[in-house]
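Biologist: Pick a single part of this chain and take me through it closely. Give me the overall setting as well, so that I know what surrounds the part.

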Amino acid sequence: MEQMEGRCVTDCERCPALVESRSRIVNGTGPADADLLFLGEGPGANEDEQGEPFVGRSGTVLDDALRDVGLARADVRITNCVRCRPPENRDPTKEELANCRGYLERELELVDPEIIVTLGKVPSEHLLDRSVAVTKEAGSVVDARIGESSRRVLVCVHPAATLYDRSQKETFEETIRKAAELSGAGEGSSGQSRLGDY
Ligand code: URA
């Protein structure tokens, strides 16, 4: 049985391995009409436990970078490509990504963000439908066809990458700054998106 109420999936058993490994479905959080939406890969252990995306160490890195540009978690929408925790934190399979795609497209349609920031390789490749070298492409804005709409996607390294490789920290923080500016949400922003600058 599959059920979606607004932006939230309440019931789904499409992916047998994920149904087995999850303790709950982790839906997106944040304003229903956020200008800025962050897309991760899928819930990890902390997210599965707490029922919210990016609440572990990666979440702290994201929260810190948001704070540095004058934003709080409550100002942005945060969601994942798949809503159930893959076993042993493996990447979601192509099939699992496809099974969850409709839910993501529905959420994007309803929230209708100005900018989608893809956090890491899996979400970047999922939305752009090609291979993406995230470290090289971080900070670039790409138009992607998602469902019925064309959407602006800003490629970003995964926050966890900054924990293993300090040189990625700057790349990550610069991309978050750009995200805030593009969406018109950040500190010092005129309130208007300045997409033409990029
Ligand atoms: N990493 C992700 O990609 N998503 C989360 O929700 C947490 C960590």
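Modeller: Setting before detail, then. For 198 residues, a compact globule would have a radius of gyration near 16 Å, and the protein chain agrees, with 16 Å. That radius is taken over C-alpha atoms, and the globule rule is 2.2 Å times the number of residues to the power 0.38. Keep in mind that this is a predicted model: local features need pLDDT of at least 70 and side-chain atom pairs count only at pLDDT 80 or more, while totals for chains, interfaces and linings use all residues. Residues are numbered from 1 along each chain as its sequence is written, and side-chain values use heavy atoms, with hydrogens and water left out.

The C-alpha trace spans about 45 × 35 × 30 Å along its principal axes. In secondary structure, the chain has 8 helices and 7 strands; these are DSSP runs numbered from the N terminus, helices being H or I of at least four residues and strands E of at least two. Of the 198 residues, 47% are buried, where buried means under 20% relative accessible area, exposed over 50% and partly exposed in between (1.4 Å probe, protein chains only). Among contacts (heavy atoms within 4.5 Å) between residues at least 6 apart in sequence, 66% join residues at least 24 apart.

The part I'd pick is helix α5, residues 121–128. Since 6 of its 8 residues are buried, the rest of the structure largely encloses α5. Those buried residues are Val122, Pro123, Ser124, His126, Leu127 and Leu128. And the cover? It includes the helices α4 (94–111) and α6 (134–137), along with strands β3, β5 (115–119), β6 (141–146) and β7 (149–156).

Just after α5 comes aspartate 129, with a positive phi of about 60°. Most residues other than glycine have a negative phi. Aspartate 129 sits in the loop between α5 and α6, and is exposed at a relative accessible area of 71%. On into α6, you find lysine 136, which counts as exposed at 77% relative accessibility. Lysine 136 is 38 residues from alanine 98 in sequence, and their C-alpha atoms are 26 Å apart.

One of the covering strands, β3 (residues 36–40), runs parallel to β4, with 4 bridges joining them; two strands pair if DSSP finds at least two bridges between them. Leucine 37 stands opposite arginine 77 of β4. In a regular strand the side chains alternate between the two faces of the sheet. Strand β4 (residues 77–80) is covered on both: Arg77 and Thr79 are buried on one side, Ile78 and Asn80 on the other.

At a relative accessible area of 47%, asparagine 89 is partly exposed.
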